Amino acid sequence: MQINNQYVLTWQCPDTSGVLAKVTHNLFEHGAFITETSQYSDPYTDSFFSRIAFDDRNLKVPFEEFVSAIDELAKPLNLSYHIRNAEDLPNIVIAVSKDDHCLVSLLTKWKAGVLPVNIVAVVSNHADCQPLVEWHGIPYHHLPVNKENKPQQEAAILDVMKSADAELLVLARYMQILSDDMCVKLQGNAINIHHSFLPSFKGAKPYHQAHARGVKVIGATAHYVTADLDEGPIIVQEVKPINHTFTVEQMVHLGHDLEATALCHAVKMHAQQRICLNGDKTVILA
């Protein structure tokens with residue numbers, strides 16, 4: 001039985017008549033066997049987004065020549081694209097502080113083979129999670145942060161990512177605010193998780209604030225990191241209804257579950273190239 005190489009092509013461009021036909025016809029001409037498609041035309045930005053999965057069972061040219069053909073097509077369409085072999089899993093670095101619920105979920109799903117990434121390193125401003133991470137055979141970088149050394153420690157995180165050839169930083173309850181410069185350098189390549197209440201409760205002990213105000217919904221939001229704290233393009237939101245009988249402790253436990261679920265889902269979609277940035281929003285090509 002022949003084993004075919006699987007590929008994913010994600011692309012976006014200004015929306016014009018026939019743009020999808022032009023791209024799919026190009027794939028057809030070169031023998032790409034399409035197995036999955038998803039697309040979206042945004043009427044507010046006049047932009048077109050698409051994700052196409054295909055294999056090489058009928059490919060007529062070497063893969064390098066196939067990519068060159070896409071590159072030539074991209075120029076007149078002002079099309080930006082990313083293509084990857086589905087087996088070429090992205091390398092990620094996880095940042096964590098003391099709370100380990102999101103880290104545990106990421107490690108468990110990665111170990112089970114259901115999170116399509118390579119976890120190549122964990123960085124932390126505390127040593128609490130070091131035994132857990134090293135038990136999984138992953139390098140742990142303890143980088144304590146204070147006001148004086150924050151620029152140096154952020155540079156160290158970027159160095160870890162560069163040396164490990166990591167494309168994504170996952171903030172799994174990393175309780176440090178990244179500098180504006182760091183956010184710019186990681187634009188579209190850093191995902192964060194935070195609680196999500198209506199109204200919003202900022203600062204210390206948000207679950208205690210929410211309990212005092214009698215909120216009726218607990219939630220969590222996974223989003224790309226920007227210089228605007230917790231206001232980056234939203235990827236995933238998870239919510240659960242609660243009522244007046246919930247204690248603060250029950251709210252915290254439920255919130256942790258939602259945070260872990262939302263973050264893992266967001267990382268998985270990023271790894272599968274299902275997310276396109278569309279200004280301050282995201283397009284999810286499911």
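Visitor: Which residue is the bridge partner of Val170 in strand 9?

Guide: The partner is Ile191. This is a predicted model, in which local features need pLDDT of at least 70 and side-chain atom pairs count only at pLDDT 80 or more, while totals for chains, interfaces and linings use all residues. Residues are numbered from 1 along each chain as its sequence is written, and side-chain values use heavy atoms, leaving out hydrogens and water.

Visitor: What makes strand 8 and strand 9 a pair?

Guide: Two strands pair if DSSP finds at least two bridges between them. Three bridges join strand 8 (residues 168–171) to strand 9 (residues 190–195), and the two run parallel. Strands are DSSP runs of E with at least two residues, and helices are runs of H or I with at least four, numbered from the N terminus.

Visitor: In what order do the seven strands form the open sheet?

Guide: The order is 7-6-5-8-9-10-11, with mixed pairing. Strand 7 (140–142) and strand 11 (234–241) are the edge strands, as each pairs on one side only.

Visitor: Why is His101 called buried?

Guide: Buried means under 20% relative accessible area, exposed over 50%, and partly exposed in between, with a 1.4 Å probe and protein chains only. His101 has 15%, and is therefore buried. This residue lies in helix 3 (residues 101–111).

Visitor: Which residues is His101 in contact with, leaving aside its neighbours within four places in sequence?

Guide: Contact means heavy atoms within 4.5 Å. On that basis, His101 is in contact with Arg173, His256, Glu259 and Ala260.
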